Amino acid sequence: MTPTGTPPTLEHTFAELPERFYQRLEPTPVAAPAPIRVNRALAQRLGLDADWLSSPAGTEWLAGNAITPGSHPLAAAYAGHQFGGFNPQLGDGRAILLGELRDGEGRLFDLQLKGAGPTRWSRGGDGRSPLGPVLREYIVSEAMAALGVPTTRALAAVASGEPVMRDRALPGAILARVASSHLRIGSVEYLSSRKDTEGLHLLVDYTLQRHFPEQTTAENPALALLNAVIQAQARLISQWQLLGFIHGVMNTDNMLLCGETIDYGPCAFMDAFNPDTVFSSIDHGGRYAYRNQPGIAHWNLASLAQALVPVLHNDAEQAVALAQAAVDTFSDHFLQAHTEGLNAKLGLGEPQADDAALIEQLYTLMAEHATDFTLTFRRLADLAHPVPGNPQAIGEVYKLPNAFDPWLAQWRERLAREACDPQQRQTAMYRANPVFIARNHLVEAALAAATDNADFAPFHTLVERLAAPTQWQPASRALALPPEEGQRVYQTFCGT
Ligand code: AMP
Ligand code: MG
């Protein structure tokens, strides 16, 4: 807990690891920091004084202009497979870890400033971020958190008061990002590619301690870590799939060991269902398309396993066998999490033999008729228990095509096979099927208004609405509807 009226109290457990894991440096101050938004709910959860964070002193602090005396900011080293190719040297090129925060329950969180200036790993980049990507990350990461998806969070966004040169001059901004940690698959790959076995042991122990404390006494710590990450990632990717979320840049440096979503560069939620959907402007081959996400996660976890081989077993052959056996469990973990999630979305209780076929038919229909991914499921919640005057029902704004009728009849027959209170089932379905997601055309419009006209109202409106994604609000119908032909956004840019 931080006393009111003072900067947050920081810890520095990562900075206690060997110097070769990071570069100690402070953020480069910016010209004229100005507040954009402070996440009061998150501040409160972290025991921080939101009023102070919103004050001029807090804004300077969030911009990296006022480093708490005695603290140890740093940029972390990491490597990564980017679009399949290994880069041994990535690292925080525009993000600086101020330190760690401890919440009321004793859990530790990284506090990182993204866009805080160049580091050893900037590779010619300016270490800065334009306003647009900062707002995108704020909107989408907070939307994911509200949807119950493990994710890094946005504590605050501040304007830097400095232009950032991209294809044109853009306003600059800094995001204060909170994560259970920023340890990535790429962090392990970094040490492994340098044949730093001692470093690998230290990193494994540190990561277990921080994220999987129940595994710290495991006989084989590296294997325990590998298994824990595989399971966390299988659950995470299943949640993405169930929400139609497309990450867009699933490089191994963008996959956290703690299993939180990170890097909201070219991400987007799918509107019309099409499993081949890709948004990223740099993903020409469709490597990170919606349908490929589980396979790519599997591939990334194989990279993690490979990187851990030197610490999995003294005997190389046995180490590889352990790694392979662990990676082979991914598909089962994914399938289990995905099936549980789908059953919740569709109101199915105990699994039955013909469920898989029923679900496949639904997806085929959705693809054939290009129905809206989010609203299709939401509408099913209405239809699970149609009662007049239901305030949650969205029938006035979204209906399924008639071609769905035979399927709906089959699904109702399936629901009727289970003794279950229909109203309770419907309530559970509403919880599993959001009506408000961070639609790409709305996100883009909010970014454009802020960047081009310094109008932050659409950004704030969107953030506030997305905080309660499963509560239907007819007055906000424009924020629930899919884009019209002219509003559709086909590509998003990392905007680095
Ligand atoms: P990302 O695409 O955000 O996953 O970043 C990939 C790598 O590029 C990381 O090492 C980043 O730190 C680095 N990077 C991205 N943008 C910048 C920038 N504007 N300045 C310096 N480094 C950057
Ligand atoms: Mg990244």
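Modeller: Apart from its neighbours within four places in sequence, asparagine 87 is in contact with Ala79, Gly80, Gln82 and Arg123. The model is a predicted one, and this residue is the starting point of the account. Asparagine 87 belongs to strand S5, which covers residues 85–87. Its relative accessibility is 19%; because the limit for a buried residue is under 20%, asparagine 87 counts as buried. Its side chain comes to 3.0 Å from the backbone nitrogen of glutamine 89.

Arginine 123 is placed in the loop between strand S7 (108–114) and strand S8 (129–130). Whereas asparagine 87 is buried, arginine 123 is exposed, with a relative accessible area of 60%. Most residues other than glycine have a negative phi. In arginine 123, however, phi is positive, near 45°.

The side chain of arginine 123 has an N or O atom 2.9 Å from an oxygen atom of ligand 1. Backbone atoms take part as well: a polar backbone atom of glycine 93 is 2.6 Å from an oxygen atom of ligand 1, and a polar backbone atom of glycine 127 is 2.9 Å from a nitrogen atom of the ligand. The protein buries 85% of the 490 Å² that ligand 1 exposes when taken alone.

The shell around ligand 1 can then be considered as a whole. Among its 18 residues, Gly91, Gly93, Arg94, Gly127 and Asp263 come nearest. Divided by class, the shell holds eight charged, eight polar and two nonpolar residues. Domain 1 (14–179) and domain 2 (185–339) both contribute residues to this shell, so ligand 1 lies between them.

Phenylalanine 83 lies in the loop between strand S4 (80–82) and S5. Phenylalanine 83 likewise has a positive phi, about 50°, although it is not a glycine. This residue is partly exposed, at a relative accessible area of 30%.

Tryptophan 299 is in contact with Gly84, and also with His81 and Arg287, when neighbours within four places in sequence are left aside. Tryptophan 299 is found in helix H8, residues 293–312, and is partly exposed, with a relative accessible area of 35%. The C-alpha atom of tryptophan 299 is separated by 9.2 Å from that of threonine 252, and the two residues are 47 residues apart along the chain.

Notes:
Residues are numbered from 1 along each chain as its sequence is written. Chains are lettered from A and ligands numbered from 1 in the order in which they are written. This is a predicted model: local features need pLDDT of at least 70, side-chain atom pairs count only at pLDDT 80 or more; totals for chains, interfaces and linings use all residues. Side-chain values use heavy atoms; hydrogens and water are left out. A residue is near a molecule or strand if one of its heavy atoms lies within 4 Å of it. A polar contact is a pair of N or O atoms within 3.5 Å; within protein, one must be able to donate a hydrogen and the other to accept it, and residues adjacent in sequence count only if both atoms are side-chain atoms. Accessible areas come from the Shrake-Rupley method with a 1.4 Å probe; for residues, only the protein chains shown count as cover. Ala, Val, Leu, Ile, Met, Phe, Trp, Tyr, Cys and Pro count as nonpolar, Asp, Glu, Lys and Arg as charged, and the others, Gly among them, as polar. Domain bounds come from an automatic or database domain assignment. Helices (H or I, at least four residues) and strands (E, at least two) are DSSP runs, numbered from the N terminus. Buried means under 20% relative accessible area, exposed over 50%, partly exposed in between (1.4 Å probe, protein chains only). Contact means heavy atoms within 4.5 Å.
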